[in-house]
Amino acid sequence: EKLLVAVVTLCFIAPLLIFSPFAGILADKKSKRTIVVTMKCLEASFMLLGLVAMLLPKLSHFYPEATRTLGITSALLMILVVFLMGVQTAFLVPAKYGIMPEILSPMVLSRGNGILEGTSFVAQLAGTSFGGILYSMLKRPSDIETGFQASNAWIALAVLLALALAGTVGALAMGPVPAAAPHRKMTFNWLTPLRESFSVLAKSRPLALAVVGIAFAAFMTLYSRQSLLYEGETRKQLDMARQAYAQKLNQENPTPGDTTTDLIEIGHEGVSESQKSELRVSMLIAMVGLGIGVGSLLAGHLSGSKLELGLVPIGGVALAGVTATLAGVLNTPWAMFVCLVLVGLCAGLYVVPLYTMLQHRAPKEQKGNIVAASNFVNVAGGVIAIATFYLVTFIGESIVGQLPEITEASATPERLAENVSLLESRLWIPKLLFTTASIMTCGMLLMICRLLPDFFTRALLYLFSQRRYHLRVEGLHHLPQDGSAILATNSALFESCVHVLGATDRYVHFYLPEREDATPKGVLGLLARLSSATTVPRAGERKETIASALATIEQGDMIGLALESVEDTAGISSFFLTIQQRAPVPIVPVFTDVHQPEKHGKTRESHLRWARVIFGPPMPHDTNPEEIR
């Protein structure tokens, strides 16, 4: 059984590794809408083939001599269907995620990704859960003996066929979308598209971090799923071992009216312990799916009309805390259910902004290719997750000890009691698995902090602004996705700069005019220091400040300058002209304002002030300050 599971899993994963690079090129060369529709039609045909495969054994009623041949053919066809679904997934994912920025404006991209991620994760995990429930309902003890002649397993494929047809109808409802890069040439060299994608990622640290962060989410999803399956399997073995021990004691010391044997045999008439375990694990996985769905939708809602990267460290820190808590409450059912929902919710908050950044930052003509590379890395992350899971369980089982091999002849009460004791000791291994998950999440957060400390500053900015302002962003598509630029703003105070920082997904170093109220206090002062906001002296020595601004531009980042006043008593225009002459980079005008809306009764947002950030089209590097104003 373990070998079969390994083979089937390999048949699904291998196509993702083999075909993802080619799928990325195809997603850019052809219309992504065409690819999505084609893949959904193929999915329906594959499910039809699976349904035929499941019905084949029933022909043995008419051809008893071909029972074995029909069974083998059915099994091989089902493995082929799994392989074909792996191929379909490899080509569908780059088109599905790559099409989002093509059909949605930047203002609603985060909300769209929240819906897409929420429904996708819920579908994946709910499919796993519903599959386990349906399997436990359809499975019969006699299926293997009868060659599945009387099995109802074909109902599962009928359900999948209906879902595939529904998905096809949904895909056909999409409007036409032109190809992003019709001039691209197809290549059958597996390494060429990967080299192109990774070269793009190497030039953009945020883009590379988004790919790694998404892969870590895939890693954690699979690792947690395997941990839950291990916990469920261990509890099932423990229940069966306890029953065997009780039955042995009952056989050696029978008492009148003892019903232990009747209780043990209930599985043949009703629901077996194996089926109970499968149902329980399916429900636990469903809780994670529910949490991810809610978390993804919540991330889209909280992001509003912008890309909110501050949710990434918030979700990551919460995920580390909840997985650590989960390790301590595995023996408390209600607490375990709550923690699993929270694990999913935190994962949704963490991953949705990363997907949005990946789609927004990827070059227009290579979005499909970048998503395909991300999918490739996700699969690699899944393989690492399985390897990590087996390593942790191997270490845990080595510490506890191997289970004794008990045959019917050697099944003494003492040996059965030893088996029960060892299985009870193994229940700490799931705790070890989730503790390890918490430690790995902390490691990922430390890597983010080291590579992009701006992420954690954004989290603080988000928490600071959430209860004070309702932020609306317009013209975000005018902001360069990479490379240096000067943001010329009317934000003379850091409190206004906070809105600009919150509106963009890029690092911005602000240089503010020297004023009596320029140095903020309290939380704003902390944020100003963390975001490296610098005050430009009115007069005197400016060499260090100018050198700092030029160094920021040379690193490929953006600087923000306040050009709000025509009189310019603080001398910021002369500072701007110096930078302009020595660093010929595009200038993006950015307007911000804050106002208090009229109150119409007491509403949840009646206490919030409305902040607006508008990005204008980039202007030539030699534009004078008056034109910029």
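This is a predicted model: local features need pLDDT of at least 70, side-chain atom pairs count only at pLDDT 80 or more; totals for chains, interfaces and linings use all residues.
Two strands are taken to pair if DSSP finds at least two bridges between them.

Strand 6 (residues 587-595) is joined to strand 7 by six bridges, and the two run antiparallel. Within this pairing, Val590 has Phe615 of strand 7 as its bridge partner.

Elsewhere in the order, strand 2 (residues 485-489) pairs with strand 5 (residues 558-562) in the parallel sense, over five bridges. In that pair, Ala485 has Met558 of strand 5 as its bridge partner.

The model contains seven aromatic pairs. In one of them, the rings of Phe19 and Phe91 have centres 6.1 Å apart and planes at 40°. An angle under 30 degrees would count as stacked and one over 60 as edge-to-face, so this pair falls into the remaining class, tilted. The pair links distant parts of the chain, for Phe19 belongs to helix 1 (residues 2-29) and Phe91 to helix 3 (residues 67-98), 72 residues apart. With a relative accessible area of 25%, Phe19 is partly exposed, whereas Phe91, at 15%, is buried.

The rings of Tyr230 and Phe389 also have their centres 6.1 Å apart, but their planes stand at 75°, so this pair is edge-to-face. Tyr230 is part of helix 8 (residues 205-252) and Phe389 is part of helix 13 (residues 367-400); the contact therefore ties together parts of the chain that are 159 residues apart in sequence. Both Tyr230 and Phe389 are buried. A further aromatic group is the cluster formed by Phe216, Phe219 and Tyr223.

A nonpolar surface patch of about 520 Å² is made by Leu391, Phe394, Ile395, Ile399 and Trp428. Helix 13 gives the most to this patch, with four residues, and Leu391 is found in that helix.

Charged side chains provide another set of contacts. Side chains of opposite charge can pair when their charged atoms come close. In this model there are 12 salt bridges. Lys32 takes part in a salt bridge with Asp28, at 3.7 Å from N to O. Lys32 is buried, with a relative accessible area of 1%, and Asp28 is likewise buried, at 0%. Lys32 also meets Glu102 in a salt bridge, with an N to O distance of 2.6 Å. Because Glu102 lies in helix 4 (residues 100-103) and Lys32 in helix 2 (residues 32-55), this bridge ties together parts that are 70 residues apart in sequence. Glu102 is partly exposed, with a relative accessible area of 28%.

The closest N and O atoms of Glu233 and Lys236 are 3.3 Å apart. These two residues are three positions apart in helix 8, which means that about one helical turn separates them. Glu233 is partly exposed, with a relative accessible area of 34%, while Lys236 is buried, at 14%. Returning to Lys32, salt bridges that share partners join Asp28, Lys32, Glu102, Arg184 and Glu196 into one network.

Note on methods. Residues are numbered from 1 along each chain as its sequence is written. Side-chain values use heavy atoms; hydrogens and water are left out. Rings of Phe, Tyr and Trp (its six-membered ring) pair if their centres lie within 6.5 Å; planes under 30 degrees apart count as stacked, over 60 as edge-to-face and the rest as tilted. Buried means under 20% relative accessible area, exposed over 50%, partly exposed in between (1.4 Å probe, protein chains only). A salt bridge is a side-chain nitrogen of Lys or Arg within 4 Å of a carboxyl oxygen of Asp or Glu. Patches are made of residues with over 30% relative accessible area and no salt bridge: like charges are joined within 9 Å, nonpolar side chains (Val, Leu, Ile, Met, Phe, Trp, Tyr) within 5 Å. Accessible areas come from the Shrake-Rupley method with a 1.4 Å probe; for residues, only the protein chains shown count as cover.
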